[in-house]
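Hi,

Here is the structure I said I would pass on. Have a look at it first, and then read my notes below.

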Amino acid sequence: MVEIRAVGDAMEMALALLESGDVVAIPTETVYGLAADATNGVGVARIFEAKGRPRFNPLIAHVADLAMAERIALFDPLSKRLARAFWPGPLTLVLPQRRGNDIHPLVTAGLDTIALRMPRGFGGELIARLGRPLAAPSANSSGKISATTAEAVAADLGSRIRLVVDGGATPVGLESTIVKVEGAKLRLLRPGGIAAGEIEAVAGMALLRGAEGIEAPGMLASHYAPGAAVRVNAGKIARGEALLAFGGRRAEGWQGAAALRNLSVTGDLREAASNLFAHMQDLDRTGARTIAVEPIPFDGLGEAINDRLSRAAAPRDKIA
Ligand code: TXA
Ligand code: MG
């Protein structure tokens, strides 16, 4: 059974759940978020599982202050000015990641950029207490509208999560505005809680518009696509292929694989999701021409894992 606890009474339970790699629904000024420790791959996998998302969309990492943000990403002067003007608040900045940060690759769906935002109120305090950023998409199941009350979160996700922190109705009521600096230009990726005009006033320039399609990371030109060809649902491994394995039984011919990574020896899809991007990158780095992937079931997180793999396997001219 899910517990609904008022903000004044929820901090310790929320911290304990996050520390144990679980998810918590929290109020922010925009909409309720379904949060997990952004450095914990299993916790982040649980977000996708609870939402029933058929895809690994990149998530926003929420920070407590600018110092935490700068440990994660590289700020150009304009992004810094926008952060100073609008944080904490409903502005999300997409920035290049700082190399070697401890954000789990499932948060960014393997991208080399990251979306960052500093929320007001309980969320900000929770992140400061945890000392680590929180990954949090809107707290609704996939395909439903974002929840703006604790009751709406509980009604939708209550059977799949332990705690909803109740901060009342969210004041803004729609998601954050997402922008990205592109060279000397500034692009609006998603309209949201801060009007474009307010951002333009601070930036001193007009926003570029019309880059839809950020919902699907596989469509982004900047998305990590392996150099190797990817062959999914491989029942037989050819000599010299790199093998992305799943579960306890190996596909025929596995002994000839040039390299092997197992997403989950025990066949745990949550563990597999958390390992997906790192293992793909490891195998790609070996220089093998093909990564053969053993069959992965489609239930639970398997759907999103298979979606991501089939994108990686698609002809390259379809990706960019
Ligand atoms: O107000 C909000 O932004 C809420 C609260 C909980 O903070 N969060 C939210 O998250 O709306 P979500 O996951 O529902 O939407 C995040 C959006 C998605 O459209 C995703 O594609 C985009 O951010 N996004 C995340 N990382 C990105 C990146 N590196 N580049 C481009 N778009 C990105
Ligand atoms: Mg959403």
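Let me start with one residue: S264 is buried, since its relative accessible area is 0%, and the cut-off for buried is under 20%. Keep in mind that this is a predicted model. You'll find S264 in the loop that runs between strand 13 (259–262) and helix 8. Leaving aside residues up to four places away in sequence, S264 touches F246, G247, E271 and A272.

That brings us to helix 8 itself. Helix 8 (residues 269–285) packs against helix 2 (residues 41–51), with axes that come within 8 Å and cross at roughly 110 degrees. An angle of 65 to 115 degrees counts as roughly perpendicular, so that is how helix 2 and helix 8 sit relative to each other. Their crossing is right-handed. On the helix 2 side, the contact is made by G41, V42, A45, R46 and E49, and helix 8 brings in R270, A273 and S274. Sorted by class, that contact of helix 2 with helix 8 has three nonpolar, two polar and three charged residues.

Helix 4 (residues 77–86) and helix 7 (residues 196–203) have axes that come within 10 Å, crossing at roughly 125 degrees. Helix 4 and helix 7 are therefore oblique to each other. This crossing of helix 4 and helix 7 is right-handed. Helix 4 makes the contact through L78, R81, L82, A85 and F86, while helix 7 uses E198, I199, V202 and A203. What classes do the residues of the contact of helix 4 with helix 7 divide into? Seven are nonpolar, two are charged and no polar residue takes part.

Last, the interior. In soluble globular proteins, nonpolar side chains tend to be buried together. Here the largest nonpolar core has 96 residues, and the members that touch the most others are F56, F75, L82, W87, L116 and I161. Helix 8 turns up again: it gives this core its largest share, seven residues. Another core lies apart from that one, made of seven residues, including I237, L243, A251 and A257.

Cheers

Definitions and conventions
Residues are numbered from 1 along each chain as its sequence is written. Chains are lettered from A and ligands numbered from 1 in the order in which they are written. This is a predicted model: local features need pLDDT of at least 70, side-chain atom pairs count only at pLDDT 80 or more; totals for chains, interfaces and linings use all residues. Side-chain values use heavy atoms; hydrogens and water are left out. Axes are lines fitted to C-alpha atoms, for helices over the stretch in contact, and angles run from 0 to 180 degrees between N-to-C directions. Helices (H or I, at least four residues) and strands (E, at least two) are DSSP runs, numbered from the N terminus. Angles under 35 degrees count as roughly parallel, over 145 as roughly antiparallel, 65 to 115 as roughly perpendicular and the rest as oblique. A crossing is left-handed if the near helix is turned anticlockwise from the far one by less than a right angle, and right-handed if clockwise. Contact means heavy atoms within 4.5 Å. Ala, Val, Leu, Ile, Met, Phe, Trp, Tyr, Cys and Pro count as nonpolar, Asp, Glu, Lys and Arg as charged, and the others, Gly among them, as polar. A nonpolar core is a set of buried Ala, Val, Leu, Ile, Met, Phe, Trp, Tyr and Cys residues joined through side-chain atoms within 4.5 Å. Buried means under 20% relative accessible area, exposed over 50%, partly exposed in between (1.4 Å probe, protein chains only).
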